[in-house]
Amino acid sequence: MSEMLHAQNVAKSFTLHTQGSVTIPVFEGIEFMLSAGDCIALTGESGSGKSTFMRMLYANYTCSQGSIKVFHDDDWLDITTASPHSVLEIRKRTLGYVSQFLRVIPRVPTLDIVAEPLVALGTDRETATEKARDLLTRLRIPERLWQLSPLTFSGGEQQRVNIARGFIADYPIMLLDEPTASLDAQNRATVLALIEEAKSRGAAIAGIFHDHETRDAVCTGSFDVTSFKVGAND
Amino acid sequence: MTQMNEPLLRVEDLTMMYGDRVGCKDVSFELRPGEVLGIVGESGSGKSTLLRSISAQQEPTKGKVEYQTRIDGVRDVYQMSEAQRRLLMRTDWAFVHQNPRDGLRMNVSAGANIGERLMAIGDRHYGNIRSNANSWLGKVEIASERLDDLPSTFSGGMQQRLQIARNLVTSPRLVFMDEPTGGLDVSVQARLLDLLRGLVHDLNLAVIIVTHDLAVARLLSHRLMVMQQGKVIEHGLTDQVLDDPQHPYTQLLVSSILQN
(Lines give C-alpha, C1' and ligand atoms only; values in the text may rest on other atoms or scores of the structure.)
Protein backbone atom coordinates (compact mmCIF):
# COMPACT_ATOMS: atom_id res chain seq x y z
CA MET A 1 0.00 0.00 0.00
CA SER A 2 1.18 3.47 -0.71
CA GLU A 3 3.12 5.25 1.97
CA MET A 4 1.72 8.61 3.12
CA LEU A 5 3.74 9.65 6.15
CA HIS A 6 7.17 8.64 7.35
CA ALA A 7 8.88 9.75 10.56
CA GLN A 8 12.57 8.91 10.80
CA ASN A 9 14.90 9.10 13.77
CA VAL A 10 12.67 11.66 15.46
CA ALA A 11 13.63 13.04 18.86
CA LYS A 12 11.89 15.53 21.13
CA SER A 13 12.88 17.33 24.26
CA PHE A 14 11.41 20.33 26.02
CA THR A 15 13.57 23.04 27.59
CA LEU A 16 11.71 24.92 30.29
CA HIS A 17 13.41 28.30 30.48
CA THR A 18 11.00 29.60 33.09
CA GLN A 19 11.92 26.72 35.41
CA GLY A 20 15.68 26.95 35.63
CA SER A 21 16.16 25.93 31.98
CA VAL A 22 15.68 22.28 32.84
CA THR A 23 15.60 20.07 29.76
CA ILE A 24 13.12 17.22 29.68
CA PRO A 25 13.98 14.58 27.09
CA VAL A 26 10.85 12.85 25.82
CA PHE A 27 11.52 10.75 22.72
CA GLU A 28 14.47 9.51 20.74
CA GLY A 29 14.87 7.47 17.59
CA ILE A 30 11.19 7.28 16.60
CA GLU A 31 10.54 5.39 13.35
CA PHE A 32 6.92 5.55 12.27
CA MET A 33 5.11 4.96 9.01
CA LEU A 34 1.54 5.36 7.78
CA SER A 35 0.12 4.01 4.52
CA ALA A 36 -3.16 4.58 2.74
CA GLY A 37 -5.92 2.51 4.37
CA ASP A 38 -4.03 2.15 7.67
CA CYS A 39 -5.55 2.99 11.01
CA ILE A 40 -2.75 2.83 13.54
CA ALA A 41 -3.46 3.20 17.25
CA LEU A 42 -0.83 5.12 19.18
CA THR A 43 -0.55 3.35 22.52
CA GLY A 44 1.17 3.86 25.85
CA GLU A 45 -0.06 4.68 29.33
CA SER A 46 -1.41 8.07 30.28
CA GLY A 47 1.35 10.69 30.22
CA SER A 48 3.59 8.63 27.94
CA GLY A 49 3.50 11.27 25.20
CA LYS A 50 0.94 9.97 22.69
CA SER A 51 -0.58 13.41 22.20
CA THR A 52 2.87 14.99 22.11
CA PHE A 53 3.87 12.66 19.28
CA MET A 54 0.64 13.38 17.44
CA ARG A 55 1.25 17.12 17.77
CA MET A 56 4.72 16.59 16.31
CA LEU A 57 3.17 14.80 13.33
CA TYR A 58 0.94 17.87 12.83
CA ALA A 59 3.91 20.29 13.23
CA ASN A 60 2.13 21.85 16.19
CA TYR A 61 5.23 20.87 18.19
CA THR A 62 8.74 21.11 16.82
CA CYS A 63 11.07 18.12 16.66
CA SER A 64 14.53 18.34 18.18
CA GLN A 65 15.90 15.94 15.60
CA GLY A 66 14.88 13.79 12.64
CA SER A 67 12.39 14.21 9.85
CA ILE A 68 8.65 13.71 9.31
CA LYS A 69 7.95 13.38 5.63
CA VAL A 70 4.41 13.84 4.36
CA PHE A 71 3.18 12.91 0.89
CA HIS A 72 1.58 16.11 -0.33
CA ASP A 73 0.74 17.06 -3.93
CA ASP A 74 2.66 14.07 -5.37
CA ASP A 75 5.74 15.11 -3.48
CA TRP A 76 7.45 14.34 -0.16
CA LEU A 77 7.75 17.32 2.18
CA ASP A 78 9.50 17.30 5.55
CA ILE A 79 7.03 18.97 7.87
CA THR A 80 9.75 19.63 10.47
CA THR A 81 11.63 21.96 8.13
CA ALA A 82 8.87 23.19 5.78
CA SER A 83 8.05 26.91 5.80
CA PRO A 84 4.97 28.01 7.79
CA HIS A 85 3.29 28.63 4.45
CA SER A 86 3.90 25.04 3.29
CA VAL A 87 2.79 23.59 6.62
CA LEU A 88 -0.49 25.50 6.35
CA GLU A 89 -0.97 24.20 2.80
CA ILE A 90 -0.28 20.64 3.97
CA ARG A 91 -2.83 21.05 6.79
CA LYS A 92 -5.37 22.55 4.45
CA ARG A 93 -5.28 19.82 1.82
CA THR A 94 -3.48 16.74 3.12
CA LEU A 95 -3.31 16.49 6.88
CA GLY A 96 -6.45 16.62 9.03
CA TYR A 97 -6.41 16.71 12.81
CA VAL A 98 -9.19 16.18 15.32
CA SER A 99 -7.88 17.60 18.57
CA GLN A 100 -9.50 17.51 21.98
CA PHE A 101 -9.91 21.26 22.02
CA LEU A 102 -12.29 23.42 20.08
CA ARG A 103 -10.70 26.79 19.36
CA VAL A 104 -13.03 29.09 17.48
CA ILE A 105 -14.12 32.70 17.39
CA PRO A 106 -17.10 33.21 19.68
CA ARG A 107 -20.45 33.89 17.96
CA VAL A 108 -19.60 32.05 14.70
CA PRO A 109 -22.43 29.53 14.07
CA THR A 110 -21.64 25.83 14.43
CA LEU A 111 -22.73 25.14 10.85
CA ASP A 112 -20.13 27.61 9.49
CA ILE A 113 -17.39 26.24 11.73
CA VAL A 114 -18.00 22.72 10.47
CA ALA A 115 -18.22 23.82 6.82
CA GLU A 116 -15.09 26.01 6.99
CA PRO A 117 -12.40 23.46 6.03
CA LEU A 118 -14.30 22.61 2.83
CA VAL A 119 -14.88 26.27 1.98
CA ALA A 120 -11.15 26.86 2.45
CA LEU A 121 -10.53 24.13 -0.14
CA GLY A 122 -12.62 26.05 -2.66
CA THR A 123 -15.88 24.12 -2.39
CA ASP A 124 -18.84 26.44 -2.83
CA ARG A 125 -20.53 27.42 0.41
CA GLU A 126 -23.81 25.68 -0.37
CA THR A 127 -22.25 22.28 -1.00
CA ALA A 128 -20.04 22.66 2.06
CA THR A 129 -22.99 23.65 4.24
CA GLU A 130 -25.01 20.71 2.93
CA LYS A 131 -22.23 18.31 3.94
CA ALA A 132 -21.94 20.04 7.33
CA ARG A 133 -25.68 19.46 7.88
CA ASP A 134 -25.29 15.77 7.04
CA LEU A 135 -22.43 15.32 9.48
CA LEU A 136 -24.08 17.25 12.31
CA THR A 137 -27.22 15.17 11.80
CA ARG A 138 -25.28 11.93 11.84
CA LEU A 139 -23.52 13.06 15.02
CA ARG A 140 -26.86 13.92 16.63
CA ILE A 141 -26.33 17.63 17.18
CA PRO A 142 -29.90 18.96 17.22
CA GLU A 143 -30.69 21.34 14.38
CA ARG A 144 -31.81 24.09 16.78
CA LEU A 145 -28.15 24.43 17.87
CA TRP A 146 -26.62 24.81 14.40
CA GLN A 147 -26.88 28.59 14.31
CA LEU A 148 -25.30 28.96 17.75
CA SER A 149 -21.62 29.10 18.65
CA PRO A 150 -20.39 25.69 19.84
CA LEU A 151 -18.59 27.45 22.71
CA THR A 152 -21.92 27.36 24.55
CA PHE A 153 -22.25 23.57 24.10
CA SER A 154 -21.49 20.73 26.50
CA GLY A 155 -18.14 18.94 26.32
CA GLY A 156 -19.56 16.00 24.41
CA GLU A 157 -21.32 18.26 21.90
CA GLN A 158 -18.15 20.29 21.33
CA GLN A 159 -16.26 17.06 20.77
CA ARG A 160 -18.78 16.03 18.09
CA VAL A 161 -18.54 19.45 16.40
CA ASN A 162 -14.76 18.95 16.32
CA ILE A 163 -15.26 15.53 14.72
CA ALA A 164 -17.68 16.89 12.12
CA ARG A 165 -15.17 19.60 11.26
CA GLY A 166 -12.34 17.07 11.08
CA PHE A 167 -14.20 14.65 8.81
CA ILE A 168 -15.85 17.11 6.42
CA ALA A 169 -12.89 17.22 4.04
CA ASP A 170 -11.48 13.99 2.66
CA TYR A 171 -7.96 14.44 3.97
CA PRO A 172 -5.49 11.81 2.72
CA ILE A 173 -3.95 11.66 6.22
CA MET A 174 -5.90 12.02 9.47
CA LEU A 175 -4.77 12.37 13.06
CA LEU A 176 -7.41 11.64 15.70
CA ASP A 177 -6.76 12.53 19.34
CA GLU A 178 -9.29 10.61 21.46
CA PRO A 179 -12.19 11.13 19.06
CA THR A 180 -14.54 8.95 21.12
CA ALA A 181 -13.48 10.10 24.59
CA SER A 182 -16.66 11.68 25.95
CA LEU A 183 -19.26 10.10 23.68
CA ASP A 184 -22.17 7.79 24.42
CA ALA A 185 -22.51 4.40 22.70
CA GLN A 186 -24.60 5.67 19.77
CA ASN A 187 -22.28 8.53 18.92
CA ARG A 188 -19.24 6.33 19.37
CA ALA A 189 -20.73 3.98 16.77
CA THR A 190 -21.17 6.93 14.39
CA VAL A 191 -17.53 7.96 14.84
CA LEU A 192 -16.41 4.37 14.21
CA ALA A 193 -18.45 4.38 11.01
CA LEU A 194 -16.84 7.66 9.94
CA ILE A 195 -13.40 6.18 10.55
CA GLU A 196 -14.32 3.06 8.53
CA GLU A 197 -15.52 5.26 5.65
CA ALA A 198 -12.28 7.26 5.74
CA LYS A 199 -10.26 4.03 5.69
CA SER A 200 -12.17 2.65 2.75
CA ARG A 201 -11.59 5.79 0.70
CA GLY A 202 -7.88 5.26 1.37
CA ALA A 203 -7.12 7.68 4.19
CA ALA A 204 -4.05 6.97 6.30
CA ILE A 205 -5.08 7.35 9.95
CA ALA A 206 -3.25 7.55 13.25
CA GLY A 207 -5.39 7.71 16.36
CA ILE A 208 -5.32 7.78 20.13
CA PHE A 209 -8.21 5.75 21.55
CA HIS A 210 -8.84 5.41 25.23
CA ASP A 211 -10.79 2.16 25.06
CA HIS A 212 -9.95 -1.29 23.74
CA GLU A 213 -13.31 -1.80 22.03
CA THR A 214 -12.81 1.21 19.75
CA ARG A 215 -9.24 0.22 19.03
CA ASP A 216 -10.15 -3.39 18.24
CA ALA A 217 -13.04 -2.29 16.05
CA VAL A 218 -11.22 0.04 13.65
CA CYS A 219 -7.45 -0.27 13.99
CA THR A 220 -5.28 -2.21 11.58
CA GLY A 221 -2.22 -1.98 13.82
CA SER A 222 -0.73 -0.28 16.83
CA PHE A 223 2.36 1.74 17.69
CA ASP A 224 3.64 1.82 21.24
CA VAL A 225 5.26 5.22 21.87
CA THR A 226 6.77 4.07 25.19
CA SER A 227 9.47 2.08 23.39
CA PHE A 228 10.88 5.37 22.09
CA LYS A 229 10.84 7.18 25.43
CA VAL A 230 14.27 8.43 26.38
CA GLY A 231 15.82 5.79 28.60
CA ALA A 232 13.25 3.13 27.69
CA ASN A 233 15.88 0.68 26.48
CA ASP A 234 18.54 1.28 29.13
CA MET B 1 -0.83 30.86 -9.16
CA THR B 2 2.84 31.83 -9.42
CA GLN B 3 1.92 35.36 -8.52
CA MET B 4 0.25 34.07 -5.37
CA ASN B 5 3.58 32.71 -4.26
CA GLU B 6 5.53 35.87 -4.87
CA PRO B 7 5.85 38.05 -1.82
CA LEU B 8 3.74 41.17 -1.76
CA LEU B 9 6.00 42.76 0.82
CA ARG B 10 9.66 42.17 1.63
CA VAL B 11 11.24 43.76 4.68
CA GLU B 12 15.01 43.58 4.98
CA ASP B 13 17.19 44.44 7.99
CA LEU B 14 14.81 47.13 9.12
CA THR B 15 16.27 49.16 11.97
CA MET B 16 14.85 52.22 13.69
CA MET B 17 17.03 54.07 16.18
CA TYR B 18 15.94 56.97 18.36
CA GLY B 19 19.39 58.39 19.08
CA ASP B 20 21.09 55.59 20.99
CA ARG B 21 17.85 53.90 21.86
CA VAL B 22 16.69 50.96 19.77
CA GLY B 23 13.15 51.16 18.37
CA CYS B 24 13.45 47.98 16.34
CA LYS B 25 16.52 46.21 15.03
CA ASP B 26 17.43 44.04 12.02
CA VAL B 27 13.92 42.86 11.23
CA SER B 28 13.50 40.84 8.02
CA PHE B 29 10.50 38.95 6.69
CA GLU B 30 8.28 38.40 3.67
CA LEU B 31 4.52 38.49 3.36
CA ARG B 32 2.39 36.93 0.62
CA PRO B 33 -1.10 37.86 -0.55
CA GLY B 34 -3.72 36.46 1.81
CA GLU B 35 -1.23 35.94 4.61
CA VAL B 36 -1.79 37.29 8.12
CA LEU B 37 1.28 38.04 10.22
CA GLY B 38 0.83 38.72 13.92
CA ILE B 39 3.37 40.73 15.89
CA VAL B 40 3.25 40.20 19.65
CA GLY B 41 5.34 41.37 22.59
CA GLU B 42 4.91 43.53 25.66
CA SER B 43 4.52 47.32 25.63
CA GLY B 44 7.71 49.01 24.52
CA SER B 45 9.03 45.95 22.67
CA GLY B 46 9.04 47.83 19.36
CA LYS B 47 5.88 46.44 17.75
CA SER B 48 4.31 49.76 16.87
CA THR B 49 7.65 51.29 15.83
CA LEU B 50 8.14 48.39 13.44
CA LEU B 51 4.62 48.77 12.07
CA ARG B 52 5.12 52.51 11.46
CA SER B 53 8.46 51.94 9.76
CA ILE B 54 7.04 49.30 7.44
CA SER B 55 3.94 51.30 6.59
CA ALA B 56 5.87 54.38 5.41
CA GLN B 57 4.83 56.52 8.34
CA GLN B 58 8.31 56.83 9.75
CA GLU B 59 11.48 56.45 7.71
CA PRO B 60 13.72 53.78 9.25
CA THR B 61 17.37 54.43 10.14
CA LYS B 62 18.44 51.45 8.07
CA GLY B 63 16.97 48.70 5.92
CA LYS B 64 14.57 48.24 3.06
CA VAL B 65 10.82 47.88 2.58
CA GLU B 66 9.97 46.52 -0.86
CA TYR B 67 6.42 46.26 -2.15
CA GLN B 68 4.97 44.56 -5.21
CA THR B 69 3.04 47.48 -6.72
CA ARG B 70 0.15 46.84 -9.08
CA ILE B 71 1.72 48.68 -11.99
CA ASP B 72 5.44 49.25 -11.49
CA GLY B 73 6.49 45.87 -10.08
CA VAL B 74 8.65 45.67 -6.96
CA ARG B 75 9.49 49.10 -5.54
CA ASP B 76 11.41 50.26 -2.51
CA VAL B 77 8.83 52.22 -0.56
CA TYR B 78 11.34 54.77 0.73
CA GLN B 79 12.83 55.33 -2.75
CA MET B 80 9.48 56.38 -4.21
CA SER B 81 8.51 60.00 -4.65
CA GLU B 82 6.37 61.47 -1.92
CA ALA B 83 3.39 61.55 -4.32
CA GLN B 84 3.78 57.88 -5.29
CA ARG B 85 4.07 56.86 -1.67
CA ARG B 86 0.95 58.84 -0.72
CA LEU B 87 -1.01 57.23 -3.54
CA LEU B 88 0.10 53.78 -2.39
CA MET B 89 -0.97 54.53 1.19
CA ARG B 90 -4.34 55.83 0.02
CA THR B 91 -5.20 53.00 -2.32
CA ASP B 92 -3.33 49.72 -2.05
CA TRP B 93 -2.57 49.99 1.65
CA ALA B 94 -4.79 50.54 4.63
CA PHE B 95 -4.07 51.33 8.26
CA VAL B 96 -6.46 50.45 11.06
CA HIS B 97 -5.58 52.31 14.26
CA GLN B 98 -6.30 51.12 17.78
CA ASN B 99 -8.26 54.29 18.49
CA PRO B 100 -10.84 54.80 15.73
CA ARG B 101 -10.57 58.55 16.35
CA ASP B 102 -7.08 58.41 14.86
CA GLY B 103 -8.37 56.85 11.67
CA LEU B 104 -11.72 58.60 11.24
CA ARG B 105 -12.78 62.18 10.68
CA MET B 106 -15.12 62.77 13.54
CA ASN B 107 -16.76 65.93 12.17
CA VAL B 108 -18.11 64.42 8.94
CA SER B 109 -20.75 61.72 8.48
CA ALA B 110 -20.10 57.98 8.37
CA GLY B 111 -20.88 57.99 4.64
CA ALA B 112 -18.45 60.83 4.03
CA ASN B 113 -15.75 58.99 5.98
CA ILE B 114 -16.02 56.09 3.56
CA GLY B 115 -16.59 58.23 0.46
CA GLU B 116 -13.59 60.42 1.17
CA ARG B 117 -11.12 57.67 0.41
CA LEU B 118 -12.89 56.99 -2.88
CA MET B 119 -12.79 60.67 -3.82
CA ALA B 120 -9.10 60.78 -2.95
CA ILE B 121 -8.46 58.30 -5.75
CA GLY B 122 -10.53 60.26 -8.25
CA ASP B 123 -14.08 58.93 -7.90
CA ARG B 124 -16.41 61.89 -8.56
CA HIS B 125 -19.82 60.32 -9.09
CA TYR B 126 -21.86 61.16 -5.98
CA GLY B 127 -24.41 58.39 -6.52
CA ASN B 128 -21.72 55.72 -6.91
CA ILE B 129 -19.82 56.93 -3.90
CA ARG B 130 -22.94 56.93 -1.76
CA SER B 131 -24.07 53.47 -2.82
CA ASN B 132 -20.55 52.10 -2.38
CA ALA B 133 -20.38 53.65 1.10
CA ASN B 134 -23.75 52.13 1.88
CA SER B 135 -22.74 48.66 0.78
CA TRP B 136 -19.61 48.87 2.94
CA LEU B 137 -21.67 49.88 5.96
CA GLY B 138 -23.60 46.67 5.36
CA LYS B 139 -20.42 44.60 5.16
CA VAL B 140 -19.27 45.89 8.53
CA GLU B 141 -22.75 45.39 9.96
CA ILE B 142 -23.80 49.01 10.46
CA ALA B 143 -27.44 49.81 9.60
CA SER B 144 -27.73 51.92 6.45
CA GLU B 145 -29.90 54.52 8.20
CA ARG B 146 -26.75 55.55 10.08
CA LEU B 147 -25.07 56.64 6.81
CA ASP B 148 -25.57 60.34 7.49
CA ASP B 149 -24.77 60.24 11.21
CA LEU B 150 -21.54 61.51 12.71
CA PRO B 151 -19.13 58.83 13.97
CA SER B 152 -19.14 60.55 17.35
CA THR B 153 -22.70 59.24 17.84
CA PHE B 154 -21.46 55.64 17.32
CA SER B 155 -20.37 53.17 19.99
CA GLY B 156 -16.68 52.21 20.19
CA GLY B 157 -17.27 48.93 18.36
CA MET B 158 -19.21 50.66 15.58
CA GLN B 159 -16.52 53.31 15.20
CA GLN B 160 -13.94 50.57 14.81
CA ARG B 161 -16.05 48.84 12.15
CA LEU B 162 -16.52 52.16 10.36
CA GLN B 163 -12.77 52.66 10.36
CA ILE B 164 -12.38 49.26 8.74
CA ALA B 165 -14.97 50.10 6.08
CA ARG B 166 -13.23 53.42 5.35
CA ASN B 167 -9.97 51.55 4.91
CA LEU B 168 -11.20 48.68 2.79
CA VAL B 169 -13.39 50.64 0.36
CA THR B 170 -10.47 51.18 -2.04
CA SER B 171 -9.78 47.39 -2.18
CA PRO B 172 -6.33 47.52 -0.61
CA ARG B 173 -4.11 44.43 -0.79
CA LEU B 174 -2.15 45.10 2.39
CA VAL B 175 -3.67 46.17 5.70
CA PHE B 176 -1.76 47.27 8.79
CA MET B 177 -3.58 46.95 12.11
CA ASP B 178 -2.39 48.30 15.43
CA GLU B 179 -4.28 46.64 18.31
CA PRO B 180 -7.58 46.76 16.37
CA THR B 181 -9.53 45.06 19.16
CA GLY B 182 -7.67 46.84 21.95
CA GLY B 183 -10.22 49.23 23.40
CA LEU B 184 -13.28 47.03 22.93
CA ASP B 185 -15.15 44.91 25.42
CA VAL B 186 -15.10 41.18 24.94
CA SER B 187 -18.39 40.58 23.12
CA VAL B 188 -17.68 43.44 20.69
CA GLN B 189 -14.19 42.05 20.19
CA ALA B 190 -15.55 38.66 19.14
CA ARG B 191 -17.80 40.27 16.55
CA LEU B 192 -14.92 42.29 15.14
CA LEU B 193 -12.65 39.24 15.01
CA ASP B 194 -15.30 37.30 13.10
CA LEU B 195 -15.74 40.21 10.70
CA LEU B 196 -12.00 40.66 10.15
CA ARG B 197 -11.44 36.98 9.54
CA GLY B 198 -14.23 36.88 6.97
CA LEU B 199 -12.93 39.95 5.15
CA VAL B 200 -9.35 38.67 5.12
CA HIS B 201 -10.53 35.42 3.56
CA ASP B 202 -13.02 36.88 1.07
CA LEU B 203 -10.74 39.71 -0.13
CA ASN B 204 -7.48 37.71 0.07
CA LEU B 205 -5.92 40.47 2.16
CA ALA B 206 -2.37 40.44 3.44
CA VAL B 207 -2.40 41.72 7.00
CA ILE B 208 0.20 42.73 9.56
CA ILE B 209 -1.49 42.91 12.93
CA VAL B 210 0.13 44.16 16.10
CA THR B 211 -1.50 42.91 19.26
CA HIS B 212 -0.63 42.14 22.85
CA ASP B 213 -3.52 39.67 23.00
CA LEU B 214 -2.25 36.16 22.25
CA ALA B 215 -5.78 34.80 21.83
CA VAL B 216 -6.44 37.35 19.09
CA ALA B 217 -3.11 36.47 17.49
CA ARG B 218 -3.99 32.77 17.56
CA LEU B 219 -7.38 33.23 15.95
CA LEU B 220 -6.32 35.67 13.22
CA SER B 221 -2.72 35.13 12.23
CA HIS B 222 -1.02 32.42 10.21
CA ARG B 223 2.45 33.36 11.36
CA LEU B 224 3.65 35.01 14.52
CA MET B 225 6.62 37.22 15.28
CA VAL B 226 7.56 37.72 18.94
CA MET B 227 9.42 40.91 19.79
CA GLN B 228 11.47 41.85 22.80
CA GLN B 229 13.58 44.98 23.17
CA GLY B 230 13.22 45.85 19.51
CA LYS B 231 14.30 42.47 18.19
CA VAL B 232 12.39 39.56 16.73
CA ILE B 233 13.28 36.71 19.06
CA GLU B 234 10.96 34.05 17.62
CA HIS B 235 9.13 33.78 14.33
CA GLY B 236 7.09 30.91 12.93
CA LEU B 237 3.79 29.13 12.54
CA THR B 238 1.35 30.72 15.02
CA ASP B 239 0.22 27.58 16.84
CA GLN B 240 3.77 26.23 16.99
CA VAL B 241 5.11 29.44 18.54
CA LEU B 242 2.28 29.52 21.09
CA ASP B 243 2.15 25.80 21.93
CA ASP B 244 5.84 24.92 21.77
CA PRO B 245 7.71 28.20 22.31
CA GLN B 246 11.48 27.92 22.18
CA HIS B 247 12.74 31.28 23.39
CA PRO B 248 12.75 32.03 27.15
CA TYR B 249 10.79 35.24 26.67
CA THR B 250 8.11 33.57 24.53
CA GLN B 251 7.77 30.83 27.14
CA LEU B 252 7.30 33.47 29.81
CA LEU B 253 4.74 35.31 27.67
CA VAL B 254 2.73 32.16 26.92
CA SER B 255 2.84 30.87 30.47
CA SER B 256 1.57 34.20 31.78
CA ILE B 257 -1.81 33.90 30.07
CA LEU B 258 -4.72 33.49 32.43
CA GLN B 259 -6.64 30.31 31.68
CA ASN B 260 -10.39 30.45 31.65
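Of the 234 residues in chain A of this predicted model, 51% are buried, where buried denotes under 20% relative accessible area, exposed over 50% and partly exposed in between (1.4 Å probe, protein chains only). Residues are numbered from 1 along each chain as its sequence is written, and chains are lettered from A in the order in which they are written. Local features need pLDDT of at least 70, side-chain atom pairs count only at pLDDT 80 or more, totals for chains, interfaces and linings use all residues, and side-chain values use heavy atoms, with hydrogens and water left out.

Chain A contains 7 helices and 9 strands, taken as DSSP runs (H or I of at least four residues for helices, E of at least two for strands) numbered from the N terminus. Among contacts in chain A with a separation of 6 or more, 70% join residues 24 or more positions apart, a contact being heavy atoms within 4.5 Å.

Pro106(A) lies in the loop between strand 6 (95-98) and helix 3 (110-120) of chain A, and counts as partly exposed because its relative accessibility is 35%. When residues up to four places away in sequence are not counted, Pro106(A) touches Ser149(A), Leu151(A) and Ala190(B). Pro106(A) and Lys12(A), 94 residues apart in sequence, are separated by 34 Å from C-alpha to C-alpha.
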